[in-house]
Amino acid sequence: MRNKKVLFITQAAVIAAIYVVLTIFIAAFNLASGNIQVRISEALCILPFFTPAAIPGLWIGCLLANLITGASVFDIIFGSLATLIGAVGTYLLRKHKFLCTLPPVISNAVIIPILLRYAYGLTFIYQGMDLSIPFFALTVGLGEVISICVLGQILLQVLNKYRGMLFRNGEEK
């Protein structure tokens, strides 16, 4: 019982650390935040497919990454919440290899555009109409599709081969 708790905490901590490192790396290319973002660390949102420890790991990793990269307080709270919601959704859909990639895409495409518009004041005006939220939903959603549905699906296929070695925690399928 104690070993399971230690393993859970260790897995969560490692996932959080990897999320932070990947986010800082992609931030150097100005792709970790803003209206066009491909946060490659979001590919890790596939990890609840393998272990529930990924849920707190992803949430804490996103929270720390947002703090380190200078996000607004609203982004630190609600951006991290979007990742948490996505991670929980992935875990709940873990029996479906493709569907489990959709909750992070949806949660980020819904929450992040509101943050971009109101927490950061970013706008997209077309012919006098404020289309910021739909435009940012499209751009953030596409970035999430690249990060999770493409990179995450590749990560899922690779890690699935080593599942027993990497994710021994009683959550076998």
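Helices here are DSSP runs of H or I with at least four residues, and strands are E runs of at least two, both numbered from the N terminus. Welcome to a predicted model, in which local features need pLDDT of at least 70, side-chain atom pairs count only at pLDDT 80 or more, and totals for chains, interfaces and linings use all residues. Residues are numbered from 1 along each chain as its sequence is written, and side-chain values use heavy atoms, leaving out hydrogens and water.

Let us begin with V38, which sits in the loop between α1 and α2. V38 is buried, at a relative accessible area of 18%; buried means under 20%, exposed over 50% and partly exposed in between, with a 1.4 Å probe and protein chains only. Beyond its neighbours within four places in sequence, V38 is in contact with I26, L31, G143, I146 and S147, where contact means heavy atoms within 4.5 Å.

Next comes helix α1. Its buried residues are Q11, A12, I15, A16, Y19, V20, T23 and I26, and they pack against α2, α3 and α6.

Here are the helices with their residue ranges:

| Helix | Residues |
|---|---|
| α1 | residues 2–27 |
| α2 | residues 54–68 |
| α3 | residues 73–92 |
| α4 | residues 102–118 |
| α6 | residues 163–166 |

Finally, α3 and α4 pack at an angle of about 165°, with axes 7 Å apart. Axes are lines fitted to C-alpha atoms, for helices over the stretch in contact, and angles run from 0 to 180 degrees between N-to-C directions. That angle makes α3 roughly antiparallel to α4, a label for angles over 145 degrees, while under 35 is roughly parallel, 65 to 115 roughly perpendicular and the rest oblique.

How values were computed
Expected span 1.5 Å × (residues − 1).
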